[in-house]
Amino acid sequence: MYAHDPLSSSLPLSFRVLYETVLGFRFAENEMEQLSSRYYSSALELHCKCNGESACLSQQLINSHHSYITTQSIHLFLSYTNTLLLLHIYIYTYNLIQISISLLKSTHTIQVYQFLFFLVFTLNSNFGFLRLVYLSEMMNMKAGKLLLLLFICFTVISKTVICEHHPPTCPANLDDCGSDDSGEWDGEFFPGIPKIKYEGPTSKNPLAYKWYNAKEEILGKSMKDWMRFSVAFWHTFRGTGGDPFGAATKMWPWEDGTNSLGMAKRRMRANFEFLEKLGVDRWCFHDRDIAPDGLTLEETNANLDEVVALAKELQGTKIRPLWGTAQLFMHPRYMHGGATSPEIGVYAYAAAQVKKAIEVTHYLGGENYVFWGGREGYQTLLNTDMERELDHMARFFEAAVAYKKKIGFKGTLLIEPKPQEPTKHQYDWDAATAANFLRKYGLTGEFKLNIECNHATLSGHSCHHELETARINGLLGNIDANTGDPQVGWDTDQFLMDVNEATLVMLSVIRNGGLSPGGFNFDAKLRRESTDVEDLFIAHIAGMDTLARGLRNAAKLIQDGSLDELVRKRYQSFDSELGAQIEAGKADFELLEKKAMEWGEPLVPSGKQELAEMIFQSAM
Ligand code: XUL
Ligand code: CO
């Protein structure tokens, strides 16, 4: 058991050791960090309320330095009062035991009990403070009773202060000031953040669209219909900023640090307020992002049903999932994969999970369903029967197709390629590998691909390459919009901010005639160091604006036609009688040899790459 006392984190190490020794607390580093950020946001809200500022979050950003100092002091105060709350519990326990002892009345027995009492609490270092009180009692000092009185007073005062100053958005249940587990919420999650509007390219407002104008028509279709944007629940509402080297850096004000059902529902409400304010009608989820695991599959399914029922209610008629999916990679049971696990029980469990995830996606009106095989692959071929695993995966997909049809789910099934991470080698390596897999098992008509840009670069391709590979194979179904970092090299899932890259992406999308029923899912997360609630909005706005700029540029390039003309000219020699014969598969080697001898050495023209790049850049 760990004592939660953020005060300790603000003490220098030597004091902290002393503090921990005297009071007997032990600290868990990441819990400490989570708690400090929780108290920090609570203090922030408190600060806002005290100053009567409704737009306190953005205000805080502008005056960050001033606010930092103010909130830090409140932070310290709250931390201190929290310590007192803990002491109150100890003293209460102590009192109870003391009363029991005094009932025994015999001096000898008292000593035995006192000894046992002392022993028990000495063994448990969390009761260090009680040990102090007890010792002072033993030494016949009145300090114990005095301390008791003093701390009860402090406790009452601190509890009143915390309860009375509950922030306007009622964040986490930090104490027991009336919060429950129903996930109910009676305020805004994002106070001070307005509904995001289009203000045009000259706007300097970070909370406005500069390029994404939902209703504006581009090449005969509204921007909204081209883009079909979606927010990824897992990054936006479950992302903590934690990485393999460090603890969470984000603890949003509505989080209480638990994975309870009540918390899941509260998050769901935050999701819909976020979508509403952003003006985005779609969201994507994994089953386990939105609802906690239970002890059994039945219990887990029941949890999911409860959260999904709320999501359905909050969705209304306008919002729906772009896609749903099952998380078959976090739980240790999936360490060897789900559909490709050598363990039949895991295969069955994964099937049951996917069955349920397809059902809830269907129930919520989802338009697609995604399979990303993060653990469908191998760490070494020495212990792997690759052929058997791939066969199993195909049977798994066949069963998914059958079940989808059985329940009348019309959404598209999508495979999301990724070469590696977390597994050393993943079977859906890239678009070409996935396409080949689908062909081999006769599944091409049932599936499309969900291309993620960062996965594309991990497989050594560009996003444009993967999109074009999917498109020319009739498999481009959806895009997980993000980007990687060339210097970092792993799946950094950053928001795509590069206009050149976005233009290439949109060229493929336009050539594909759009993505519907797919769309753009922001499978992207804030950087670990971006910790303000407002950053969630800024990141999505910038991501949407970048793709919107890409769409405008790509439309310009297509309307201008120079690039298409350059490409057409490169192949014009095939616009001939022989070319037509070749393309129709009617030119055999004898005929081609005859032509080669007749024409002699061919004149090979320039590739005009720089000209192509010049034309491309002129549209940026
Ligand atoms: C992981 C990834 C997943 C899938 C859905 O790299 O992209 O979030 O999009 O499971
Ligand atoms: Co993805």
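Which residues coordinate the cobalt ion (ligand 2)?

**Entry 1: the model.** I am working with a predicted model, in which local features need pLDDT of at least 70, side-chain atom pairs count only at pLDDT 80 or more, and totals for chains, interfaces and linings use all residues. Residues are numbered from 1 along each chain as its sequence is written, chains are lettered from A and ligands numbered from 1 in the order in which they are written, and side-chain values use heavy atoms, with hydrogens and water left out.

**Entry 2: the metal site.** I looked up the donors of the cobalt ion (ligand 2) and found Glu 416 (OE), Glu 452 (OE), Asp 480 (OD) and Asp 523 (OD), at 1.9 to 2.2 Å. I took as donors N, O and S atoms within 2.8 Å of the metal (3.2 Å for Na, K and Ca); water is not among the atoms, so sites may look incomplete. The site has six donor atoms with angles of 81 to 172° and is octahedral; that term requires opposite donors over 155 degrees apart and all others between 65 and 115. Ideal angles for six octahedral donors are 90 or 180 degrees. I noted the spacing of the donor residues in sequence as E-x35-E-x27-D-x42-D. Glu 452 in strand E12 and Asp 480 in strand E13 (residues 476-480) are 28 residues apart, and the pair links distant parts of the chain. Strands here are DSSP runs of E with at least two residues, and helices are runs of H or I with at least four, numbered from the N terminus. Glu 452 is buried at 2% relative accessible area, and Asp 480 is buried at 0%. I use buried for under 20% relative accessible area, exposed for over 50% and partly exposed for values in between (1.4 Å probe, protein chains only).

**Entry 3: aromatic rings.** I counted 27 aromatic pairs, a pair being rings of Phe, Tyr or Trp (its six-membered ring) with centres within 6.5 Å; planes under 30 degrees apart are stacked, over 60 edge-to-face and the rest tilted. Phe 397 and Phe 447 form a tilted pair, with 5.1 Å between centres and 50° between planes. Phe 397 belongs to helix H14 (residues 386-407) and Phe 447 to strand E12 (residues 447-452), 50 residues apart.

**Entry 4: charges over rings.** I found Lys 221 over the face of Trp 226, at 4.3 Å from the ring centre, and Arg 333 over the face of Tyr 349, at 3.8 Å. The criterion is NZ of Lys or CZ of Arg within 6 Å of the ring centre and within 35 degrees of the ring normal.

**Entry 5: salt bridges.** How many salt bridges does a search of the whole structure find? I recorded 22, each a side-chain nitrogen of Lys or Arg within 4 Å of a carboxyl oxygen of Asp or Glu. Glu 216 and Arg 552 meet at 2.8 Å, N to O. Glu 216 lies in the loop between strands E2 (208-209) and E3 (217-218) and Arg 552 in helix H19 (residues 533-560), so this bridge ties together parts 336 residues apart in sequence. Glu 216 is partly exposed at 24%, whereas Arg 552 is buried at 18%. I noted a further bridge between Asp 305 and Lys 356 at 2.7 Å, N to O.

Notes: Four donors count as tetrahedral if all angles lie between 85 and 135 degrees; four count as square planar and six as octahedral if opposite donors are over 155 degrees apart and all others between 65 and 115; anything else is irregular.
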